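Here is a short briefing for a first look at this structure. The points are grouped by topic.

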Amino acid sequence: QVQLVESGGGLVQAGGSLRLSCAASVRTFSSYTMGWFRQAPGKEREYVSHISRGGSGTYYADSVKGRFTISRDNAKNTVYLQMNSLKPEDTAVYYCAAKFITSLEYNYWGQGTQVTVSS
């Protein structure tokens with residue numbers, strides 16, 4: 001079982017920055033692709049970004065490309081999402097998720113952290 005705990009959310013003005021962290025309680029963190037998703041009020045959960053097991057591959061939704069940066073520290077079992085130039089439309093609950101090496105879908109999800117961007 002993998003437990004994921006997000007932190008770093010909060011209230012920020014448009015144009016500001018936040019850094020989200022997701023700590024994983026697992027012995028083989030490097031066996032998991034890690035992703036970030038978000039869900040705004042009244043909307044479905046949407047993909048934001050993901051990072052390969054070793055960290056060399058990073059991928060982003062078009063809506064955040066150039067503003068968000070995903071990274072991971074396998075020694076600390078942690079994945080990060082640096083969010084710059086935040087917009088009000090980035091307001092959502094942000095979730096991290098883990099996908100095991102042999103899985104087609106994300107197996108584990110965190111509880112989420114709220115990000116609110118004021119205009």
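Ser85 is partly exposed because its relative accessibility is 40%; buried means under 20% relative accessible area, exposed over 50%, and partly exposed in between, with a 1.4 Å probe and protein chains only. This is a predicted model: local features need pLDDT of at least 70, side-chain atom pairs count only at pLDDT 80 or more, and totals for chains, interfaces and linings use all residues. Residues are numbered from 1 along each chain as its sequence is written, and side-chain values use heavy atoms, with hydrogens and water left out.

**Two loop residues with positive phi**

- Ser85 sits in the loop between β8 and β9; strands (E, at least two residues) and helices (H or I, at least four) are DSSP runs, numbered from the N terminus.
- The phi of Ser85 is positive, about 50°, although Ser85 is not a glycine.
- Asn77 also has a positive phi, near 55°, and is a residue other than glycine.
- The loop between β7 (68–73) and β8 (78–83) holds Asn77.
- Asn77 counts as buried because its relative accessibility is 18%.
- A polar atom of the Asn77 side chain lies 2.7 Å from the backbone oxygen of Val26.
- Asn77 touches Cys22, Ala23, Ala24, Val26 and Phe29, leaving out residues up to four places away in sequence; contact means heavy atoms within 4.5 Å.

**The disulfide**

- The count comes to 1 disulfide, defined as a pair of cysteine sulfur atoms within 2.5 Å.
- Cys22 is joined to Cys96, with an S to S distance of 1.9 Å.
- This pair links distant parts of the chain: Cys22 is in β3 (residues 18–25) and Cys96 is in β9 (residues 92–100), 74 residues apart.
- The torsion about the S-S bond is about 40°, so the disulfide is right-handed.
- Cys22 is buried because its relative accessibility is 0%.
- Cys96 is buried too, because its relative accessible area is 0%.

**The sheet and its pairings**

- An open sheet of 4 strands runs in the order β1-β3-β8-β7, with antiparallel pairing; two strands pair if DSSP finds at least two bridges between them.
- Its edge strands are β1 (3–7) and β7, each pairing on one side only.
- Neighbouring strands of this sheet are turned by 15° against each other on average, direction ignored; axes are lines fitted to C-alpha atoms, for helices over the stretch in contact, and angles run from 0 to 180 degrees between N-to-C directions.
- β3 and β8 pair in the antiparallel sense over 6 bridges.
- Leu18 stands opposite Met83 in β8.
- Strand β2 (residues 10–13) pairs with β11 in the parallel sense, over 4 bridges.
- Gly10 has Val115 in β11 as its bridge partner.
- β9 and β11 pair in the antiparallel sense over 3 bridges.
- Val93 stands opposite Gln114 in β11.

**The nonpolar core**

- The largest nonpolar core has 30 residues, of which Met34, Trp36, Leu81, Met83 and Tyr94 touch the most other members; such a core is a set of buried Ala, Val, Leu, Ile, Met, Phe, Trp, Tyr and Cys residues joined through side-chain atoms within 4.5 Å.
- At least two residues of this core come from each of β3, β4 (32–39), β5 (46–51), β7, β8, β9 and β11 (113–118).
- Beyond its neighbours within four places in sequence, Met83 is in contact with residues including Leu18, Leu20, Phe68, Tyr94 and Val115.
- β11 has a covered face, made of Thr113, Val115 and Val117, and an uncovered face, made of Gln114, Thr116 and Ser118.

How values were computed: Polar contact = N/O pair within 3.5 Å; in protein donor to acceptor, adjacent residues only side chain to side chain.
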